[in-house]
Amino acid sequence: MTSAANPAPLWQPDADRIAAARITRFQTWAAERYGAPAGGGYPALHRWSVDELETFWKAVADWFDVRFSTPYEHILGESTMPGAQWFTGATLNYAEHALRTAEDPARAHEPALIHMDEAHEPTPVSWSELRRQVGALAAELRALGVRPGDRVSGYLPNIPQAVTALLATAAVGAVWTSCAPDFGARSVLDRFQQVEPVVLFTVDGYRYGGKEHDRRDTVAELRRELPTLRAVVHIPLLGTPTPEGALSWSDLTSSDTEPVFEQVPFDHPLWVLYSSGTTGLPKAIVQSQGGILLEHFKQLGLHCDLGPGDRFFWYTSTGWMMWNFLVSGLLTGTTVILYDGSPGYPETGAQWAIAERTGSTLFGTSAAYVMACRKAGVHPGRDHDLSRIQCVATTGSPLPPDGFRWLHDEVREDLWIASVSGGTDVCSCFAGAVPTLPVHIGELQAPCLGTDLQAWDPHGKPLTGEVGELVVTNPMPSMPIHFWNDPDGSRYRDSYFEMYPGVWRHGDWITLTDHGSVIIHGRSDSTLNRQGVRMGSADIYEAVERLPEIRESLVIGLEEADGGYWMPLFVHLAPGATLDDDLRDRIKRTIREQLSPRHVPDDIIEVPGIPHTLTGKRIEVPVKRLLQGTALTKAVNPGSVDNIDLLRFYEDLARTRS
């Protein structure tokens with residue numbers, strides 16, 4: 001991990017790049033009109049954005065020409081958390097802004113979307129065609145009786161029809177929610193039954209890893225178990241006929257109908273996202289049309305530096321917040337790349353081939369994918385023309401230092417690498433990409449604008465250069481307006497505001513360095529605490545998984561009844577590797593030398609695989625609960641796990657230890 005005392009950057013933007021960045025132009029403009037600091041670069045702009053919160057968000061709305069059909073009375077009518085009230089009295093529509101580029105005759109026939117599947121043949125959808133389809137579908141939804149506030153659901157892969165359905169739903173003022181078709185019926189019902197959708201968009205199946213996966217039986221179960229459905233819309237991805245009682249996608253999107261954008265209050269629900277739900281029903285997180293609109297304009301247009309001429313690719317599925325974030329690229333006039341398929345098919349480096357084929361300028365992926373490419377000996381810069389890529393961004397977990405070095409060495413030396421961290425809870429980033437700042441190995445560049453990000457000790461004291469809880473001390477427009485079926489708000493408050501009342505605690509360990517960057521150490525609710533020293537699991541994963549024999553690892557810290565502390569490290573080995581005394585010794589030596597003797601595990605145990613949530617995050621807390629003797633049915637929600645059978649290993653281990 002890069003030391004705060006050794007801030008030698010891996011990459012530094014040159015003067016031309018800083019001058020051309022949209023965030024630089026925004027700062028100059030905001031200095032002239034709103035009193036933002038004209039000098040001092042990003043640190044000064046960030047300080048102003050949190051000190052003058054209302055003025056900052058007014059400037060964002062003006063800079064991006066947000067269309068308020070009814071003017072707002074107050075920028076921040078109530079600033080307490082939870083319950084902050086943004087742009088009170090204003091009305092607008094998210095979809096209207098997402099399709100605004102189609103109104104420009106010079107750009108209407110350019111691609112808004114480029115879709116690719118595992119055949120790697122790009123298929124464009126123009127701005128004018130996307131707008132036409134949204135207009136047609138929104139009219140049909142209204143004809144089906146869909147009204148503002150109704151929920152519309154999608155059991156869909158990352159295809160253009162999913163984008164059209166989201167935007168048509170938002171145009172009507174209804175509330176979108178989606179799951180990927182690799183989710184089983186129970187996982188989907190755990191989510192959709194909470195919000196009671198009136199329409200379900202679905203495919204007959206999907207293609208992944210070179211195979212077709214028929215989902216018609218799952219769809220039939222969803223139809224049976226969702227009694228509130230008034231209509232089911234069939235998208236024949238595998239070419240099957242429309243089933244009885246369902247509507248045809250092509251029939252609903254064939255007309256040439258001018259879209260009507262329902263003007264809704266700023267805090268009107270836009271979509272429902274879901275937490276991983278590993279230990280219970282997923283939290284149904286509701287975010288607003290206006291809050292997402294402003295937050296994504298800021299994040300994509302300023303932090304990601306996206307605009308007309310850019311092509312935005314992020315590997316994701318419709319079951320992850322990054323898909324919603326990707327769709328919002330449309331707000332900035334950017335062409336959005338939709339890839340539907342396996343991230344590593346037909347070979348590990350497949351995502352780089354997609355970036356080349358589509359001319360991506362911002363390439364987004366997971367830290368895990370970067371590290372898989374490194375282990376597989378992939379050479380993206382040598383094997384592909386990636387000259388259009390300006391930024392490689394990663395999320396899902398902290399990008400280890402070796403991941404930074406690999407991207408720098410194997411993609412391009414003059415490469416902006418943006419490790420970002422945020423959450424489904426805000427559908428955005430707390431810290432990450434800043435095009436005008438240097439990149440330090442193992443670090444996120446800075447806290448984001450309008451986000452007063454701090455590291456706090458257990459008593460609420462801010463820390464610099466020390467590990468603390470990630471907190472946000474001021475409201476953000478995209479914070480949830482509520483959770484579904486949480487009428488008194490208690491579940492919402494307990495999730496973020498229990499430890500520090502009135503201050504958002506996210507559940508991550510972070511360090512704010514003395515040069516303004518951020519280091520993420522992993523989840524604080526699965527923190528390792530040996531001899532009073534807190535440590536993040538991410539630090540151990542980064543060190544251990546450098547060893548070629550280790551495919552993946554999982555570390556757990558367990559408080560025992562006798563006052564002891566057991567810290568096992570579970571390792572999933574690479575093919576052909578053996579967990580012998582030599583490998584055990586090398587693992588321990590690696591941890592001792594790169595971290596500290598306190599980090600060395602008590603036991604190193606081989607496992608058949610590491611369990612993950614459906615969005616690819618390692619499952620630590622349920623494993624800890626299993627090792628404490630909790631029954632599998634109570635320790636984890638089976639529908640939230642990628643492979644429930646992997647958890648039986650830990651359940652059996654707990655029995656043998658008891």
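Author: Partly exposed is the class between buried, under 20% relative accessible area, and exposed, over 50%. The model discussed here is predicted.

Reader: Why is Arg405 called partly exposed?

Author: Arg405 has a relative accessible area of 35%. That value lies between the limits of 20% and 50%, so Arg405 is partly exposed.

Reader: What makes Asp402 count as buried?

Author: Its relative accessibility is 9%. Buried means under 20%, so Asp402 falls in that class.

Reader: How do you know that Asp402 and Arg405 meet in a salt bridge?

Author: The N to O distance between the two side chains is 2.8 Å. The cut-off is 4 Å between a side-chain nitrogen of Lys or Arg and a carboxyl oxygen of Asp or Glu, so the pair qualifies. Both residues lie in helix H16 (residues 401-410), three residues apart, about one turn of the helix.

Reader: What makes Asp582 and Arg586 a salt bridge?

Author: Their closest N and O atoms are 3.2 Å apart. This is within 4 Å, so the pair is a salt bridge. Asp582 and Arg586 are four residues apart in helix H19 (residues 581-594), about one turn of the helix. Asp582 is partly exposed, with a relative accessible area of 47%.

Reader: Why is Glu212 called exposed, and Arg207 partly exposed?

Author: Glu212 has a relative accessible area of 51%, and exposed means over 50%, so Glu212 is in that class. Arg207 has 33%, which lies between 20% and 50%, so Arg207 is partly exposed. The two form a salt bridge, with the closest N and O atoms 3.3 Å apart.

Reader: How do you know that E35 pairs with E36?

Author: Four bridges join strand E35 (residues 568-573) to E36. At least two are needed, so the strands pair. They run parallel, and Phe570 stands opposite Ile605 in E36.

Reader: What makes E32 and E36 edge strands?

Author: The open sheet has three strands in the order E32-E35-E36, with mixed pairing. Strand E32 (550-555) and strand E36 (603-606) each have a single partner strand, so one side of each is left without a neighbour in the sheet. On average, neighbouring strands of this sheet are turned by 25° against each other, direction ignored.

Reader: Which strands does helix H18 touch?

Author: Helix H18 (residues 537-544) packs on the sheet and touches E32 and E35. The direction of H18 makes about 155° with that of E32.

How values were computed:
Residues numbered from 1 in each chain as written. Predicted model: local features only at pLDDT ≥ 70, side-chain atom pairs only at ≥ 80, totals over all residues. Heavy atoms only, no water. Buried < 20%, exposed > 50% of the residue type's maximum accessible area, 1.4 Å probe, protein only. Axes fitted to C-alpha atoms, helices over the stretch in contact; angles between N-to-C directions. Contact = heavy atoms within 4.5 Å.
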